[in-house]
Amino acid sequence: MQNSNCKSEFSNLNAQILLDWALRFALFVVVGWIVAVWHDYQNPLAPTDHGWNLYVFDRVAQGDMPIRDVAWRYGPLMPYVYGGAMWLFGRSILTVLCVNYAFLAAATLLAWPLFRKVLSPVAAFAAAVLLLHAGMPFHTWNHIGGTLLLVASLLVLFRRLGSEGVWRRWLVGLLGLQALESLVLPTMAAASCFALCLALLTDRFLALRERGARTAREFAGMLVEPVALGLGWLSLTALLYLPFIVGVPDRHLHHALLGAGDFEAFANPLAGIVRFPVALLSGLFAGPERGDWWMVFERKPVLAFLFGLGLLAGIADLLATLLRKGAVGAVGAEAARIAASRRAAFTFVAAACSHQYLFIGAVQGLQWFAAVGFLPLAAWGVEVACRAAARVVGVGERVRSRGEAWGAVALVALCFVGLAVHDQVLPVVPVHREARLLHARGRVFTFPPENVRTFEQVAAWVERETDPGEEVASLPYAPLYNYLTGRKSPYWLVLPIGEGPLSPEDEAEIVGALETKRVRCVLRTNWVLQTADADPVLFGVNFGNGVAAYLDEKYEVAGCYGKNLVGGVEWLPSIHYVAGHQVQVLWRKGEPRGRRGGK
């Protein structure tokens, strides 16, 4: 009988190892498939945000510093990564996409050992594929670097949880990773560092309670590591940012670091605390016509639902862990405590990162960071629910743990994976070869096709009529043309952010640069910022009026390209960030057309 039990356990262990390696291989296949399909496809290619990213990367490749020399609202690390890739492999959008998907693949593959620490192989596979789904680039290629660093930080943290003794080595590792994350996006690094500190604090508290600690001195000692991590991160981040901000005008720093109110709103948690429960419930129950979280996840229903499910599961588990009275020295108590601490770390990451986005109101791209926390929690919640359902049915213990529960988890996981892959890959098939940006700095497929022709026509006009080293302005916000043509912007503020009217100083800077440098060519687009709670921001109407008046006085229309939202050529404002894109090519009155060199 004993030999039979040993053989059964050995057989189960072999099956578990085989399943683990099979799913690991399957994850490599899925990642490779996604990268192969998407590495040369950018849908859509916005002349605004994407163009701004590309322009900054290109300027960094030529030696400029982000924030100091060119307007950049995130951390300075990723422009150097993409700029370095451009310098090595050529300046093209294809290079940027390949680097972006390399980071996404690395984050997904590194998430596998991270998720396996709290999940079964099937659930970890589902969570990793959904993380790949969540990390697909939307309005910027910057944030994926922060996702990779956050996954790496959690892996380092998990090695520390439950261990005793010297902690300097792991602290240095965490500090380095979090400092690098702050160079990707400082506000998100602050949120994730706060979450890691809370996870450390929770683990130390549970360890002390497990040992039966009673004195205040013992409980005060649990603050040492979280405080050291928090203060060390703050000091190191400030030191790393000094070269980029010292000597930069305050107005430029405001646009670069405070333009969207990131830090200002980060210091006011009341707004986020009030909105958080509403947004959480809307992720679970609201449809696409209402509910903030449907828009947060760019209408991705799987992620919107899993966000609410994961956070509810994580919060319930954290409360149960903190309120449960564990027996001192009980068998398996340490393993249970470590597992609970790891789940708490995911809960804090999901809550802190999503909370940061909630109270600044800039919700696009939330899934890049918070998904690292809520996806494993959602998969864990599904596992627990399946086991509870099997217990209600009343099947035997072995059948319950190896049969119904595993089968249900597999079915649910495969459904989630199927929805994720369907959402990201199948729509590519009919449109992937529809339009390709043939420009030497493009070399990618994109959408919609009419914009591709506009990009190529305007870029060709500028390259034909202006000198290679000549500066060209793009207003109110279309740096893509500066990137495609290699023409530098005459002023620092290539990002008129559009949260409100430009300040008089900003308008004076732009007008002064255009006048002093006698800029001959200006590209004026019909871009409009459409906000949810205010009237559209129209250039020349309630935004940049002084600059628009200067253009009307000093420039004349030399050409018009693109179709408006109704398919005509009449100049109309566009309330969409891509569709209906039009460009007016303006030429300074009295200046001769064509290249000054005559070539």
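User: How many disulfides does the structure hold, and what makes a cysteine pair count as one?

Analyst: The structure holds zero disulfides. Cys197 is in no disulfide, and its nearest cysteine sulfur, that of Cys193, is 4.4 Å away. A disulfide is a covalent bond between the sulfur atoms of two cysteines.

User: What kind of model is this, and how are its residues and atoms treated?

Analyst: This is a predicted model, in which local features need pLDDT of at least 70 and side-chain atom pairs count only at pLDDT 80 or more, while totals for chains, interfaces and linings use all residues. Residues are numbered from 1 along each chain as its sequence is written, and side-chain values use heavy atoms, with hydrogens and water left out.

User: Is Cys197 buried or exposed, and why is it called that?

Analyst: Cys197 has a relative accessibility of 11%. Buried means under 20% relative accessible area, exposed means over 50%, and partly exposed is in between (1.4 Å probe, protein chains only). Cys197 is therefore buried. Cys560, at 40%, is partly exposed.

User: What makes Asp58 and Arg91 a salt bridge?

Analyst: Their side chains meet at 2.8 Å, N to O. A salt bridge needs a side-chain nitrogen of Lys or Arg within 4 Å of a carboxyl oxygen of Asp or Glu, so the pair at 2.8 Å qualifies. The pair links distant parts of the chain: Asp58 is in helix α2 (residues 49-61) and Arg91 is in the loop between α3 and α4 (93-116), 33 residues apart. Helices (H or I, at least four residues) and strands (E, at least two) are DSSP runs, numbered from the N terminus. At 2% relative accessibility Asp58 is buried, while Arg91 at 30% is partly exposed.

User: How do you know that Asp552 and Arg524 form a salt bridge?

Analyst: The N to O distance between their side chains is 3.7 Å, and it therefore falls within the 4 Å limit. This pair also links distant parts of the chain, with Asp552 in helix α23 (residues 545-554) and Arg524 in strand β5 (residues 521-525), 28 residues apart. Asp552 counts as exposed because its relative accessibility is 52%, and Arg524 counts as buried because its value is 14%.

User: Which other salt bridges can be named, and how many does the structure hold?

Analyst: The structure holds 18 salt bridges. Among them, Arg204 pairs with Asp203, the closest N and O atoms being 2.6 Å apart; both residues are buried. Glu515, Arg518, Arg588 and Glu591 are linked in a network of salt bridges.

User: What is the peptide bond between Leu475 and Pro476, and how do you know?

Analyst: The bond joining Leu475 and Pro476 is cis, with omega about -5°. Pro476 is in the loop between β4 (473-475) and α21 (480-485).

User: Why is Val81 called partly exposed?

Analyst: Val81 has a relative accessibility of 26%, which lies between the 20% and 50% limits, so it is partly exposed. Val81 is in helix α3 (residues 77-89). Val81 and Val60 are 21 residues apart in sequence and 9.4 Å apart in space, C-alpha to C-alpha.

User: What makes a space in this structure a cavity, and how many are there?

Analyst: On a 1 Å grid over the protein atoms alone, a cavity is a set of points where a 1.4 Å probe fits but cannot get out; lining residues have an atom within 4 Å of a point. Grid points are joined across faces, edges and corners, and a volume is the space filled by probe spheres set on the points. The whole structure has six cavities of 30 Å³ or more. The second largest cavity has a volume of about 60 Å³. It is lined by 13 residues, of which Pro47, Asn526, Trp527, Tyr577 and His581 lie nearest its centre.

Technical notes. Disulfide = S-S within 2.5 Å. 1 Å grid on protein atoms, 1.4 Å probe; cavity = no way out; pocket = protein on both sides within 12 Å on 5 of 7 lines; lining within 4 Å.
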